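Here is a brief report on charged side chains. Sequence and model come first.

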Amino acid sequence: VGMSSLEELKRQRETMDRIGEEADRIDSAIDVAEKLIKNFGKRMAGDRFIQCITVFNVLLLVGVIIYASVTGKSSKAAEPGAPQNPFEPPTAVPGERRNLRSVFQLPELLDDSR
């Protein structure tokens, strides 16, 4: 009876040791998971900040476009000699467009001037 009790206690002790090792392994896995969750949270906060800045920039751009379209139709555009496109500089002769000469034409221009 004593020997069977000793063997049963030994088996239970081994089971308790395995349970302790498993608990330690689970605890270390939980620590790793907590670190990953904190890291994900930081990344999500950064992504949320970037999204907010992007939305702000888009709204600002839309506001500028609306402002430019509303103020662009003022009486200044109806004046004679005023350019139709506010970003295009006025030309010397109405209807004439001034274009830059290509860099590849530069040697030809130098040969013609001699």
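## Glu22 and Arg25

Glu22 and Arg25 are separated by about one helical turn, because they sit 3 residues apart in helix H1. Helices here are DSSP runs (H or I, at least four residues), numbered from the N terminus. The side chains of Glu22 and Arg25 meet in a salt bridge at 2.2 Å, N to O. That term requires a side-chain nitrogen of Lys or Arg within 4 Å of a carboxyl oxygen of Asp or Glu. Glu22 is partly exposed, at 35% relative accessible area. Partly exposed lies between buried (under 20%) and exposed (over 50%), with a 1.4 Å probe and protein chains only.

The model is predicted: local features need pLDDT of at least 70, side-chain atom pairs count only at pLDDT 80 or more, and totals for chains, interfaces and linings use all residues. Residues are numbered from 1 along each chain as its sequence is written, and side-chain values use heavy atoms, leaving out hydrogens and water.

## Glu8 and Arg11

The structure holds 2 salt bridges. Glu8 and Arg11 form one of them, at 2.3 Å, N to O. Both residues lie in helix H1, 3 residues apart, about one turn of the helix. Glu8 counts as partly exposed at 33% relative accessibility. Arg11 also counts as partly exposed, at 46%.

## Negative patch

Glu14, Asp17, Glu21, Asp24, Asp27, Asp31 and Glu34 form a negative surface patch. Patch residues have over 30% relative accessible area and no salt bridge; like charges are joined within 9 Å, nonpolar side chains (Val, Leu, Ile, Met, Phe, Trp, Tyr) within 5 Å. Glu14 is found in helix H1, residues 2-71. Its relative accessibility is 40%, so Glu14 counts as partly exposed.

Methods. Areas by Shrake-Rupley, 256 points an atom, 1.4 Å probe, with all protein chains shown as cover. Lys, Arg positive; Asp, Glu negative; His and termini not counted. Charge placed at Lys NZ, Arg CZ, Asp CG, Glu CD. Helix = DSSP H or I, 4+ residues; strand = E, 2+ residues; numbered from the N terminus.
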